[in-house]
Amino acid sequence: MARFLRPGSLAEACEIRAAQPEAVPLAGGTDLMVQLNSRRERPAALLDLGRVAELTQWSRDGDGFRIGAGVPFTRIIDEIGEQLPALTAAARTVGSAQIRNRGTLGGNLGTGSPAGDGLPPLVATGGEVELVSVRGSRTVSVEEFCTGPKTTLLAPDELVAAVRVPAARGPQRFAKVGTRNAMVIAIAAVATALDVGNRAVRVAFGAAGPRPARARAAEEFAVAALDWDGGVIGPEVANRFGALVAEACTPIDDVRASAAYRRRAVAVLAARSLSWTWNEYRRGTCA
Ligand SMILES: Cc1cc2nc3c(=O)[nH]c(=O)nc-3n(C[C@H](O)[C@H](O)[C@H](O)COP(=O)(O)OP(=O)(O)OC[C@H]3O[C@@H](n4cnc5c(N)ncnc54)[C@H](O)[C@@H]3O)c2cc1C
């Protein structure tokens with residue numbers, strides 16, 4: 001039977017993590033308990049983060065937000081949703097109400113699945129992960145943090161303390177395709193964000209490569225092709241953008257979808273996301 005360790009503070013949690021790296025962190029348990037119940041994981045100890053108050057808080061952070069790793073998706077939607085549209089749209093698609101009440105952004109990052117819905121919006125908007133240990137803290141971009149399918153930069157003695165997300169600088173969208181409309185792991189996902197002040201476009205995809213990633217050639221194409229003084233977006237621009245995002249993907253065939261289907265889904269989602277964000281921007285500019 002696994003030992004159950006319940007630190008009361010982040011400092012205590014870090015000390016336990018340093019002394020007992022075999023203890024697996026437990027947040028909402030919506031990924032980890034599935035592993036335990038199916039006996040795919042038999043950890044010697046569980047490090048329950050449920051009493052660590054520091055992880056369950058969010059705050060303003062410069063021009064953005066610092067969201068504690070233990071803040072569940074429901075609270076992100078209810079409390080800061082309007083200011084982080086892509087992340088909130090993604091959070092709304094996670095599992096069911098019960099899963100969103102328990103599941104956290106820290107757990108989404110801890111699992112590091114390429115299909116984690118929280119990850120493309122964080123990559124597209126320049127989100128950062130704050131990692132802590134008894135050695136101190138460090139901050140890495142979410143794009144760097146995810147290194148491959150379910151592998152991350154998290155060191156054995158580290159915990160995810162928080163995620164830093166810049167406030168929206170323009171319209172944002174998240175779109176996902178699955179085998180049904182709800183309670184579904186993404187077959188493909190795309191997050192698109194306009195940075196109106198800097199006239200920049202950022203796009204990231206999920207579930208179509210070993211890790212969530214940006215499509216930089218598509219971003220550069222869109223910036224050059226769009227008329228930022230309020231011009232309409234034609235289908236040729238949206239479709240070319242979608243094709244370039246799909247070119248950046250490296251999907252695989254698996255039980256949920258073929259690589260070809262995933263690539264096609266990414267192209268369609270990206271083309272639509274760019275049109276949606278652009279039309280929202282134009283409505284604001286031309287109103
Ligand atoms: C029915 C069902 C439907 C789901 N649907 C979706 C979906 O639509 N989209 C989606 O993205 N996910 C989905 N999930 C997966 C899951 O809900 C999410 O990945 C969620 O974000 C996990 O968060 P958690 O707090 O429950 O993590 P946990 O299960 O507690 O932990 C997950 C991993 O992260 C590690 N971890 C947790 N917190 C920390 C921390 N602070 N520091 C370091 N490591 C940490 C744990 O050790 C573990 O390895 C679903 C799961 C279920 C059971």
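Strand β6 (residues 128–133) pairs with β7 in the antiparallel sense over 6 bridges. Two strands count as paired if DSSP finds at least two bridges between them. Helices (H or I, at least four residues) and strands (E, at least two) are DSSP runs, numbered from the N terminus. Within this pair, valine 129 stands opposite valine 140 in β7. The model is a predicted one, in which local features need pLDDT of at least 70 and side-chain atom pairs count only at pLDDT 80 or more, while totals for chains, interfaces and linings use all residues. Residues are numbered from 1 along each chain as its sequence is written, and side-chain values use heavy atoms, with hydrogens and water left out.

Both strands belong to an open sheet of 5 strands, with antiparallel pairing and the order β4-β5-β10-β6-β7. The edges are held by β4 (58–61) and β7 (136–141); each has a single partner strand, so one side of each is left without a neighbour in the sheet. Neighbouring strands here are turned by 25° against each other on average, direction ignored. Axes are lines fitted to C-alpha atoms, for helices over the stretch in contact, and angles run from 0 to 180 degrees between N-to-C directions. Helix α1 (residues 10–19) packs on the sheet and touches β6 and β10 (159–166). Contact means heavy atoms within 4.5 Å. The direction of α1 makes about 125° with that of β10.

The protein is divided into domain 1 (3–166) and domain 2 (172–286), with bounds from an automatic or database domain assignment. Their C-alpha centres lie 25 Å apart. The contact takes 23 residues from domain 1 and 23 residues from domain 2.

A further open sheet has 4 strands in the order β11-β12-β13-β14, with antiparallel pairing. Its edge strands are β11 (172–177) and β14 (213–214); each has a single partner strand, so one side of each lacks a neighbour in the sheet. β11 and strand β12 (residues 188–195) run antiparallel and are joined by 6 bridges. Glutamine 172 has alanine 193 in β12 as its bridge partner. Helix α9 lies across β13 (200–206) and β14, running at about 150° to β13.

Helix α9 (residues 216–225) also packs with helix α10 (residues 235–248), at an angle of about 165° and with axes 8 Å apart. That makes α9 roughly antiparallel to α10, a term for angles over 145 degrees. Among the residues that meet are Phe221 in α9 and Phe241 in α10.

Definitions and conventions:
Angles under 35 degrees count as roughly parallel, over 145 as roughly antiparallel, 65 to 115 as roughly perpendicular and the rest as oblique.
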